[in-house]
Amino acid sequence: MAASKCVVITDDEQGYDLDLFCIPKHYSNDLERVYIPHGLIMDRTERLARDIMKGMGNHHIVALCVLKGGYKFFADLLDYIKALNRNSDQSIPMTVDFIRLKSYCNDQSTGEIKVIGGDNLSTLTGKNVLIVEDIIDTGKTMQTLLSMLQDYKPNMVKVVSLLVKRTPRSVGYRPDFVGFEVPDKFVVGYALDYNEYFRDLNHICVISEKGREKYKA
Ligand code: IMP
């Protein structure tokens, strides 16, 4: 399959000065730069909604949100899909489900992926499943989740990730739909966290050394 097209953010991208955007006061010293402003995330998500509807056929879709990092992207993506369903001649019924996985401590993958929540996955049997994820780093989390799902025999599984990191640690996994490809830096905001902090930030930002120390586990 051809690599999924996306917005590519190059390694020399400087992002934007924090003072040009609205940042919660409690994070003003903890961030380096604004990397992807909220408006750009929304505009790209709107187009992803259209591509997903085109790519997933006419069958009932179960949208599976990977918590917690995926919740903002999931909510906004579904709002755009719902708008398409309301305003076009063709529409696809959609139901939602949630799964919670954890693999990170500080900014490092622990190497082991823990499933710490989620419904009975047997509800996915025979369904067209859309997995909605925040970021693919090494790709190990998604590979593990995909192999777990195969046991429940879904009809089709597609993955959309808002971000994909360009990293030498990648196992080579690439999702079906990608919002942005980003350099190998730790990013936070728009529900992406560093030890649970920064989920309450609208823009995707690069964390500062101070922030890293302050919220270290
Ligand atoms: P992977 O298994 O290495 O692909 O890691 C995927 C998971 O790691 C994501 O779902 C995130 O929870 C977390 N992660 C990886 N990189 C970042 C980052 O830059 N910021 C926040 N979370 C990250």
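Where is the place of E196? Select E196 and you land in the loop between β9 and β10. Strand and helix names here come from DSSP runs numbered from the N terminus, with helices being H or I runs of at least four residues and strands being E runs of at least two.

Before going on, a word about what is on screen. This is a predicted model, in which local features need pLDDT of at least 70 and side-chain atom pairs count only at pLDDT 80 or more, while totals for chains, interfaces and linings use all residues. Residues are numbered from 1 along each chain as its sequence is written, and side-chain values use heavy atoms, with hydrogens and water left out.

**Stop 1**

Now select the strands β2, β10 and β9. They make an open sheet of three strands, in the order β2-β10-β9, with antiparallel pairing. The edges are β2 (31–36) and β9 (187–188); each has a single partner strand, so one side of each is left without a neighbour in the sheet. Two strands count as paired if DSSP finds at least two bridges between them. For β2 and β10 (residues 204–207) there are four bridges, in the antiparallel sense. To see one of them, pick R33 and look across to V206, its bridge partner in β10.

**Stop 2: the parallel strands**

Strands of a sheet pair through backbone hydrogen bonds, either parallel or antiparallel. Five bridges join β3 to β6, and the two run parallel.

Next, go from β6 (residues 128–136) to β7: the two are parallel, with eight bridges between them. E133 has S161 in β7 as its bridge partner. Follow the chain out of β6, through helix α3 (residues 140–150) and into β7, and you trace a right-handed β-α-β crossover. Right-handed here means that, with the strands pointing away from you, the path from the first strand over the helix to the second runs clockwise.

How many of the ten residues of β7 are buried? Nine are, so β7 (residues 156–165) is largely enclosed by the rest of the structure. Keep S161 selected and look to β8, where its bridge partner is V178. Altogether β7 and β8 (residues 177–182) pair over five bridges in the parallel sense.

**Stop 3: around α3**

Pick M148, found in helix α3. With 24% relative accessibility, M148 counts as partly exposed. From M148 to T125 the separation is 23 residues in sequence and 12 Å in space, C-alpha to C-alpha.

Then move on to K153, in the loop between α3 and β7. K153 counts as exposed at 60% relative accessibility. Its phi is near 50°, a positive value in a residue other than glycine.

Now find Y173 in the loop between β7 and β8. Is Y173 buried or exposed? At 16% relative accessibility, Y173 counts as buried. Leaving aside neighbours within four places in sequence, Y173 is in contact (heavy atoms within 4.5 Å) with I136, G139, M142, Q143, L146 and V159. Take M142 from that set: Y173 and M142 are 31 residues apart in sequence, yet 8.1 Å apart in space, C-alpha to C-alpha.

**Stop 4: a cis bond and a helix pair**

Go to the peptide bond from L67 to K68. This bond is cis, with omega near -5°.

Last, show α1 (residues 38–55) together with α2 (residues 71–87). These helices pack at an angle of about 55°, their axes 9 Å apart. The axes are lines fitted to C-alpha atoms, for helices over the stretch in contact, and angles run from 0 to 180 degrees between N-to-C directions. That makes α1 oblique to α2, given that angles under 35 degrees count as roughly parallel, over 145 as roughly antiparallel, 65 to 115 as roughly perpendicular and the rest as oblique. For the meeting surfaces, select residues including M42, L48 and I52 in α1, and F73, L77 and Y80 in α2.

Technical notes:
Buried < 20%, exposed > 50% of the residue type's maximum accessible area, 1.4 Å probe, protein only.
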